[in-house]
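Open the model in your viewer and follow along, one selection at a time. Each stop says what to pick and what is there.

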Amino acid sequence: MRYCRFEQSGSAHYGLVESVAGRDQITRLLLQAPHTSQGDVEGLPSRRMDHIPLAEASLLPPVEPSKIVCIGRNYREHAAELGHEVPKEPLLFFKPPSSLLPPGGTILRPKISERIDYEGELGVVIARSCHKLANSEDVRPYVLGYTCVNDFTARDLQNKDSQWTRAKGFDTFCPAGPLVTDGLDPWAGVQVETRVNGQVRQSGNTRDFIFALDVILRYISCVMTLNPGDLISTGTPQGVGPVSAGDVVEVSVEGIGVLRSPVADEA
Ligand code: MG
């Protein structure tokens, strides 16, 4: 199952994405978010629509989360490049839902930061409410699907502040999309790549996670209830670096697609 969220006639809609004659098309309008029926898209009330090519749709962030929970330092080489020890347990922080940016949207560098960095990551969308997941419980039914996330970070402010709310929380600092799919397996290994102006800067694989996805989900669920539609960003591989106005950043995750974001200075 693949779905996206898009704008049409001034309203936001969810749509099912299917390959028609070799092209990704939005083939059906979903009248509610897929996770509100626990992922059973076939059971949703829906109506047929003219196919819209995914590439031509006015896409929105594919999720409307109550929270975005991120994992810091989940790849050894990335922890090392920033001069940190490998964490002994998952390191959690939040990005506010107001930081979400649609695919193709422009990342704005705030005037108070001298350095903003891309962080390409695999995003996980929660399917159903979970709280205190037991070690014996399979976490997969709680995952609706996966998307691309760019965990933009004002690195100078992150180094200056004792916590990361400001550095990670600016409007436009969480590009996500272009769609959500359940057609990949992070445990088996999924390639995560970031390019700036077409040049590869990060190339990692989720099989190198320090904390596997089931460990992450159990750990978070022991702190807070995860709600349908919540977004988990699983950490970035090595190769983070700054961008400037005029650059174009692309995060691609194998099996999902490309999340493209131009960069501009705040007006
Ligand atoms: Mg990150």
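Which residues of the largest nonpolar core touch the most other members? Select Ile26, Leu217 and Ile232: of the 41 residues in this core, they do. A nonpolar core is a set of buried Ala, Val, Leu, Ile, Met, Phe, Trp, Tyr and Cys residues joined through side-chain atoms within 4.5 Å. Buried means under 20% relative accessible area (1.4 Å probe, protein chains only).

Before moving on, note that this is a predicted model, where local features need pLDDT of at least 70, side-chain atom pairs count only at pLDDT 80 or more, and totals for chains, interfaces and linings use all residues. Residues are numbered from 1 along each chain as its sequence is written, and side-chain values use heavy atoms, with hydrogens and water left out.

Helices (H or I, at least four residues) and strands (E, at least two) are DSSP runs, numbered from the N terminus.

**The magnesium ion**

Select the magnesium ion next. Glu119 (OE), Glu121 (OE) and Asp151 (OD) coordinate it at 2.0 to 2.1 Å. Donors are N, O and S atoms within 2.8 Å of the metal (3.2 Å for Na, K and Ca); water is not among the atoms, so sites may look incomplete. Along the sequence, the donor residues follow the spacing E-x1-E-x29-D. Glu119 sits in the loop between S10 (116-118) and S11 (120-126), and Asp151 in the loop between S12 (143-150) and S13 (153-154), so the pair ties together parts 32 residues apart in sequence. Glu119 is buried, at 4% relative accessible area. Asp151 is buried too, at 0%.

**A three-stranded sheet**

Show S13, S10 and S18. In that order they form an open sheet with antiparallel pairing. S13 and S18 (241-243) are the edge strands, each pairing on one side only. Two strands pair if DSSP finds at least two bridges between them. S10 and S13 are joined by two bridges. Zoom in on Ile116: Ala154 in S13 stands opposite.

**The largest pocket**

Finish at the largest pocket, which holds about 200 Å³ of space. Of its 17 lining residues, Arg73, Leu82, Arg155, Gln158 and Trp164 are closest to the centre. A pocket is an open set of points on a 1 Å grid over the protein atoms alone where a 1.4 Å probe fits, with protein on both sides within 12 Å along at least five of seven lines; lining residues have an atom within 4 Å of a point. The volume is the space filled by probe spheres set on the points, which are joined across faces, edges and corners. H2 gives the most to the lining, with three residues.

Technical notes
Buried means under 20% relative accessible area, exposed over 50%, partly exposed in between (1.4 Å probe, protein chains only).
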